[in-house]
Amino acid sequence: MDETEFWELVDSTREAAGGDPEDQAELLVDRLTQLDPEQVLDFARHFEARYNRAYRWDLWGAASVLLDGAGDDAFDFFRCWLIGQGREVFEGALHDPDALAGLLGDFDEEVDGDAEELGYAADEAYEQLTGTVAADLGLPPAPAEPAGTPLDLEDDALLARRYPRLWERFRG
């Protein structure tokens, strides 16, 4: 599975789920179980690489504004959700986290920003196909700390200055 096929699966399941992350995860498991196990592992590698790439302080700050606070677990689930939003939103957020204010359509705090289940979709599909747990993906280990300059995620004035568009849209 190449990068284009990865993003096509993400996009098609998000659209079919009407943007609901739980439904998207279920659809993703269904679609992945129609592939062979090696393709499922390829999907998992693409997902994990992007998940690790998004482990950055600047994105954590953006998540903190969007979610009105984001601890470790919330940021992990946010990164899964961000991947689930598709290539344009994901890459746009990595380029400029404050751009999420314009990249996101409707944002329902009850549903959006948390897609923990998406992070497990490939594992679940692989297990359904093979009856075994997925082997090591052969990727470099996840970073121990977020990339970039640490932010005080409790400092609302700092977050408002750093993410003016997100602050205005989601906290203003």
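Is Phe75 buried or exposed? Phe75 is buried, with a relative accessible area of 1%; buried means under 20%, exposed over 50% and partly exposed in between, using a 1.4 Å probe and protein chains only.

## What you're looking at

This is a predicted model, so local features need pLDDT of at least 70 and side-chain atom pairs count only at pLDDT 80 or more, while totals for chains, interfaces and linings use all residues. Residues are numbered from 1 along each chain as its sequence is written, and side-chain values use heavy atoms, with hydrogens and water left out.

Helix labels below follow DSSP runs numbered from the N terminus (helices are H or I with at least four residues, strands are E with at least two). Accessible areas come from the Shrake-Rupley method with a 1.4 Å probe, and for residues only the protein chains shown count as cover.

## The aromatic side

Let's stay with Phe75 for a moment.

A search of the whole structure turns up 12 aromatic pairs. The Phe75 and Phe78 rings have centres 6.3 Å apart and planes at 20 degrees, so this pair is stacked. For the cut-offs, rings of Phe, Tyr and Trp (its six-membered ring) pair if their centres lie within 6.5 Å, and planes under 30 degrees apart count as stacked, over 60 as edge-to-face and the rest as tilted. Both phenylalanines belong to one aromatic cluster, along with Tyr55, Trp57, Trp60, Trp81, Phe107 and Phe170.

Asp68 sits in the loop between helix H4 (57–67) and helix H5 (72–84). What is the phi of Asp68? It is near 55 degrees, a positive value in a residue other than glycine. As background, most residues other than glycine have a negative phi.

Asp68 is exposed, at 57% relative accessible area. Its side chain still finds a partner: Asp68 and Arg171 meet in a salt bridge, 3.2 Å from N to O. Asp68 lies in the loop between H4 and H5 and Arg171 in the segment after helix H10 (164–170), so the pair ties together parts that are 103 residues apart in sequence.

Asp156 is partly exposed, with a relative accessible area of 39%. Elsewhere, salt bridges that share partners join Glu3, Arg50 and Arg87 into one network.

Arg45 and Asp42 make a salt bridge as well, their closest N and O atoms being 2.8 Å apart. These two are three residues apart in helix H3 (residues 37–53), so about one helical turn separates them. Arg45 counts as partly exposed, at 23% relative accessibility.

## A patch of negative charge

Which residues gather in a patch of negative charge on the surface? They are Glu22, Asp23, Glu26, Asp30, Asp114, Glu117, Asp123, Glu124 and Glu127. Helix H2 (21–32) and helix H8 (121–130) are the elements that give two or more residues to the patch, and H2 gives the most, with four. Glu22 lies in H2 and is partly exposed, with a relative accessible area of 48%.

Asp and Glu count as negative and Lys and Arg as positive, while His and the chain ends are not counted. A charge is placed at NZ of Lys, CZ of Arg, CG of Asp or CD of Glu.

## Two distances to check

Pro140 is in the loop between H8 and H9 and counts as exposed, at 61% relative accessibility. Pro140 and Asn52 are 88 residues apart in sequence and 9.5 Å apart in space, C-alpha to C-alpha.

Phe43 lies in helix H3 and is buried, with a relative accessible area of 1%. Phe43 and Leu82 are 39 residues apart in sequence, with 16 Å between them in space, C-alpha to C-alpha.

Definitions and conventions:
Patch = residues over 30% accessible without salt bridge, like charges linked within 9 Å, V, L, I, M, F, W, Y side chains within 5 Å. Salt bridge = Lys/Arg side-chain N within 4 Å of Asp/Glu carboxyl O.
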